[in-house]
Amino acid sequence: MALGSARNRGMRSLSSKIFRTVLAFTLAVIVVMSLVLTGIYYFSAERDGEARLMAQARDAAAYLNDSPSDSNVEVMKDQFAGLVRFTLIDAEGNVLYDSSTPDPSALENHGDRPEIAAAEQAGTGAVTRFSDTLRTDTVYAAVLLDDGSIVRLAETRESLLSFAGSLVAPIAASLAAAVLLVLLLSRALTRRIMKPIDALDFSRPLDNDIYEEMNPLLVRIDEQQRQLKAQNEELARAESMRRDFSANVSHEMKTPLQVISGYAELMRGGLVPPEDTPKFAGLIYDESQAMRSLINDVLTLSRLDETAFEGDAAVPVDVLTVAERMASRLEALAGERAVVVSVGGVHAFMLGSETLVEEMLYNLIENGIRYNHAGGSVEVSVSEEEAAHPFAHADRGLSPQQASQMLHGQASAQAVAASQRQVVVRARDTGPGIPSDKHEKIFERFYRMEKSRSKETGGTGLGLAIVKHAVLYHNGTIEVQSEVGKGTTFVLRFPAASSR
């Protein structure tokens with residue numbers, strides 16, 4: 001119950017999200033538009049008031065210019081009255097008359113006032129400023145008279161802050177109405193938006209008629225469903241392979257164990273003549289070696305499946321040197337089978353596990369020796385060539401997880417030569433060849449083309465499986481070129497690396 005509550009607290013309601021978003025946007029628009037319109041209206045009214053006041057100042061100046069200069073004060077006292085403040089200032093800036101002040105001589109000199117200075121220079125001057133005398137925002141309009149004195153009209157105005165304050169009530173009412181409207185609108189929008197979403201059929205994501213913006217999500221869901229289906233199929237396939245592998249290992253180990261146990265029992269019971277003891281001991285030794293080879297191959301495949309080689313340090317491996325070393329180890333087997341093994345080419349380097357490269361080339365050469373005829377040959381050549389295309393894992397029976405793990409095992413992209421060159425190993429034999437429909441099956445574990453010759457050749461049936469896994473582990477590719485009766489060539493390609 002607590003978990004469900006915590007989960008619900010962590011979930012966000014689409015209706016609440018839409019409501020908050022639309023409400024915030026609406027309130028912001030109302031507030032911004034209210035401020036903008038208030039400012040526009042206020043400053044427009046200010047300009048109109050200033051123009052009207054200037055017109056009155058010009059009329060007053062014209063009237064005073066028609067009167068004697070020495071009577072201007074008396075004329076202003078008698079003729080000019082009302083809400084507008086009238087001031088008469090002489091050429092030196094002294095206040096001769098001010099309708100708002102009984103004793104104009106007490107006022108400071110006005111010669112430095114902006115409107116007075118403007119009138120002296122241009123004949124008229126108008127400005128809005130804070131009046132130190134009246135302690136209010138005031139619009140001033142001044143006109144220069146013919147005698148050099150200046151008549152100035154002043155009118156107080158409501159400040160912008162005060163004007164905006166008078167609009168608080170209507171703006172608050174608008175905001176309250178907007179909140180209610182947005183609440184209703186958000187609910188309606190949520191229902192409308194959620195209707196096609198609620199109708200989604202996630203079993204067929206791409207068949208839904210939905211908003212274009214949701215296509216990437218549905219494509220992603222469809223991809224994930226396909227991946228899950230493929231992974232489930234791969235898991236089932238891997239489980240089947242595991243069961244088959246276990247059964248095959250048990251079967252392959254049972255035969256040598258029975259032989260060893262039987263011969264040992266005969267020898268223990270004294271049923272083997274002394275002259276036959278070396279023969280029976282040799283048979284036991286051969287079977288134990290076969291079992292040892294099988295166990296080693298099984299362990300190698302297990303390590304590859306579990307990417308246990310990732311702990312090995314990635315080093316530049318001289319493929320030609322490794323091939324020569326493996327051919328030397330197999331000289332005895334080649335001599336027994338009357339097969340000539342030759343290795344040639346250039347010293348090309350690949351980045352990876354030298355142990356795995358040895359396993360890979362050893363099994364490849366050994367396979368060519370075992371499945372050959374007396375007087376046959378195995379030729380291994382190493383070269384470095386331009387890569388025809390970037391290396392990528394093909395589907396050769398590995399799970400996506402295994403291929404990905406192998407891809408990121410030792411073949412680090414940073415260590416691969418920037419030129420995209422490749423190391424190419426070609427192993428040719430003069431054996432019986434492989435039918436085209438068996439080119440992929442030969443890499444399966446315990447697969448043998450001629451089961452009747454399995455005892456004769458002595459192979460474990462795991463050699464080519466190890467080769468394939470080792471190739472993929474090093475981000476390489478393997479290709480089979482073969483026809484029945486014309487021998488077989490295995491072509492291995494790996495990203496080349498610097499020798500340093």
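Accessible areas here come from the Shrake-Rupley method with a 1.4 Å probe. On that basis, this protein exposes about 28300 Å², and carbon and sulfur atoms supply 56% of that area. Keep in mind that we're looking at a predicted model.

**The overall picture**

The protein contains 14 helices and 12 strands. Of its 500 residues, 37% are buried. If you take the contacts with a sequence separation of 6 or more, 69% of them come from residues 24 or more positions apart.

Let's start with H2, which covers residues 14-65. Met33 has its place in this helix, and with a relative accessible area of 41% it is partly exposed. Met33 also belongs to a nonpolar surface patch of about 640 Å².

Asp70 is exposed, at 71% relative accessible area. Asp70 and Asp147 are 77 residues apart in sequence, yet their C-alpha atoms are 9.9 Å apart in space.

Now for strand S5 (residues 150-156), where Arg152 is found. Is Arg152 buried or exposed? It is buried, with a relative accessible area of 1%. Glu115 has a relative accessible area of 1% as well and is buried too. The side chains of Arg152 and Glu115 make a polar contact of 2.7 Å. Arg152 and Glu115 also form a salt bridge, with 2.7 Å between the closest N and O atoms. Since Arg152 lies in strand S5 and Glu115 in helix H4 (residues 114-122), the pair ties together parts that are 37 residues apart in sequence.

Setting aside neighbours within four places in sequence, Arg152 is in contact with a list of residues including Arg85, Phe86, Asp98, His110, Arg113, Arg129 and Tyr140.

**Salt bridges elsewhere**

The structure holds 16 salt bridges. Here are three of them, side by side:

| Salt bridge | N to O distance |
|---|---|
| Asp112 with Arg113 | 3.9 Å |
| Arg152 with Glu115 | 2.7 Å |
| Glu384 with Arg421 | 3.0 Å |

The Glu384 and Arg421 side chains meet in a salt bridge of 3.0 Å, N to O. This pair links distant parts of the chain, with Glu384 in strand S9 (residues 377-386) and Arg421 in strand S10 (residues 421-429), 37 residues apart. Glu384 is partly exposed at 32% relative accessibility, and Arg421 is partly exposed at 23%. Turning to a network, salt bridges that share partners join Glu108, Asp112 and Arg113. Within it, Asp112 is exposed at 63% relative accessibility, whereas Arg113 is buried, with a relative accessible area of 10%.

**Helix H11 and Asn363**

H11 runs over residues 354-370 and includes Asn363. The helix has 17 residues and reaches 24 Å from its first C-alpha to its last, close to the 24 Å expected at 1.5 Å a residue. How many of the 17 residues in H11 are buried? The count is 13, so the helix is mostly covered, with buried meaning under 20% relative accessible area. Asn363 is buried itself, at 5% relative accessibility. What lies 2.7 Å from a polar atom of the Asn363 side chain? That would be the backbone oxygen of Glu359.

**Two residues with positive phi**

Most residues other than glycine have a negative phi. Ala338 is not a glycine, but has a positive phi of about 55 degrees. Ala338 lies in the loop between helix H10 (331-337) and strand S7 (340-345), and is partly exposed with a relative accessible area of 39%.

Asn475 is another case: not a glycine, and with a positive phi of about 60 degrees. Asn475 also has its place in a loop, between helix H14 (463-473) and strand S11 (477-482). Asn475 is buried, with a relative accessible area of 10%.

How values were computed
Residues are numbered from 1 along each chain as its sequence is written. This is a predicted model: local features need pLDDT of at least 70, side-chain atom pairs count only at pLDDT 80 or more; totals for chains, interfaces and linings use all residues. Side-chain values use heavy atoms; hydrogens and water are left out. Helices (H or I, at least four residues) and strands (E, at least two) are DSSP runs, numbered from the N terminus. Buried means under 20% relative accessible area, exposed over 50%, partly exposed in between (1.4 Å probe, protein chains only). A polar contact is a pair of N or O atoms within 3.5 Å; within protein, one must be able to donate a hydrogen and the other to accept it, and residues adjacent in sequence count only if both atoms are side-chain atoms. Patches are made of residues with over 30% relative accessible area and no salt bridge: like charges are joined within 9 Å, nonpolar side chains (Val, Leu, Ile, Met, Phe, Trp, Tyr) within 5 Å. A salt bridge is a side-chain nitrogen of Lys or Arg within 4 Å of a carboxyl oxygen of Asp or Glu. Contact means heavy atoms within 4.5 Å. The expected span of a helix is 1.5 Å times one less than its number of residues.
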